[in-house]
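Please look at the sequence and the structure shown here, and keep both in view while reading the report that follows.

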Amino acid sequence: MKELVLKHLKKEQDYCSGEEISHKLGVTRAAVWKAIKKLQEEGYQITSSTRKGYKLIVSPNVITASEVKDELQTKIMGQEIIYYEAIDSTNNEAKKKAREGASEGTLIIADQQTAGKGRLGRSWISPSGEGIWMSLILRPHILPNQASQLTLIAGLGMCEAIERVTGLKAQIKWPNDVVVNSKKICGILTEMSAQVEQIEYVVVGIGVNVNLSSIPEELPYASSLAIEGGKEYSRKKIIATFLEIFEVDYTQYVKSLNLNFIKERYEQSCITLHRQVKLITKENECIAKALGINEEGALMAQMQDGSIQTVSSGEVSVRGLYGYID
Ligand code: BT5
């Protein structure tokens, strides 16, 4: 009901009477009034005049399914959106929905996560009203060991979406972070369910610190778009722009099954390249120069003896050496 009234007010862009809305929607005027009250409680600024009726003045910076869909111009990604005010982890919820048969492109969004996850069991801080915490369900016909390539496509998509919407210079820290002014703004956690040679589903979970006004002390390498840009940004615009870029790249990827088509864009946006980096595996650490990525998204690094090695994400952790973030 609430959604229908909102849709009507958005379409009209001017005053419309309670009677007109109730007539169009086939409900009582009391039901319309209740819906308006609820929308106002959620932060929608709706003026009312006894003579002219209701008019929507300002929509709040919310990322409910209908708000995001209003911005969307995709065919697959985000066609189905499931929104939660608070949930443990959108990745967990997306996996549950995928097991229940949710279609490709289904997007789970939460305004707040109470147990957001990073990689390797690390936690991801996800306060309410300020960030983008979302997970996309994909069903690509690729081998399980190719799933990490989707992380690179998502990282590039989010990097470009942030630049397009905010005008800030965003860069990718290979393989899965987006940074602004060398500070971590976004992290990506890709999880999947697969049988030997076949993927059942992939969940790409993305966290973006959009309007956080402060960052907890224990995260000195993190920041938010609002802190770096000095103003607040529309979360739904960033989500919609990301989905549009990602849809085009993902469609190309499942046809070509390699990353050559994004290599140039990725390398241009990648802060890790042309620097000394420390490669850390379980067994040892070594210093190398990051040269580029190959068609599988692995990092090509020149070792100190001059030899070139390719390192896959998951195998190593990369640290910058000269004033560059962890
Ligand atoms: C990541 O892990 O960067 C992947 C984060 C993915 C989060 C999204 S939110 C939607 C979806 N649902 C989930 O439950 N997760 C995904 P990793 O590279 O392991 O980095 C984790 C580390 O980043 C933590 O150990 C902290 O040091 C730091 N961290 C935690 N919260 C952060 C935040 N909000 N911003 C920046 N850094 C943070």
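## Around the ligand

How many residues surround the ligand, and which are the closest? The ligand is surrounded by 26 residues, where a residue counts as near if one of its heavy atoms lies within 4 Å, and the closest are Ser89, Lys117, Arg122, Lys184 and Asn209. This is a predicted model, in which local features need pLDDT of at least 70 and side-chain atom pairs count only at pLDDT 80 or more, while totals for chains, interfaces and linings use all residues. Residues are numbered from 1 along each chain as its sequence is written, and side-chain values use heavy atoms, with hydrogens and water left out.

By class, the shell holds eight nonpolar, 13 polar and five charged residues; here Ala, Val, Leu, Ile, Met, Phe, Trp, Tyr, Cys and Pro count as nonpolar, Asp, Glu, Lys and Arg as charged, and the others, Gly among them, as polar.

## Atoms that meet the ligand

An oxygen atom of the ligand lies 2.9 Å from a backbone N or O atom of arginine 119, and a nitrogen atom of the ligand lies 2.9 Å from a backbone N or O atom of isoleucine 125. The side chain of asparagine 209 has an N or O atom 2.8 Å from a nitrogen atom of the ligand. Of the 800 Å² that the ligand exposes when taken alone, the protein buries 90%, with areas from the Shrake-Rupley method and a 1.4 Å probe.

## An open sheet

Five strands form an open sheet in the order β13-β12-β11-β10-β14, with antiparallel pairing; strands are DSSP runs (E, at least two residues) numbered from the N terminus, and two of them pair if DSSP finds at least two bridges between them. The edge strands, β13 (308-311) and β14 (317-320), each pair on one side only.

Strand β10 (residues 276-280) pairs with β14 in the antiparallel sense over four bridges, and leucine 279 has valine 318 in β14 as its bridge partner.

Definitions and conventions
A polar contact is a pair of N or O atoms within 3.5 Å; within protein, one must be able to donate a hydrogen and the other to accept it, and residues adjacent in sequence count only if both atoms are side-chain atoms.
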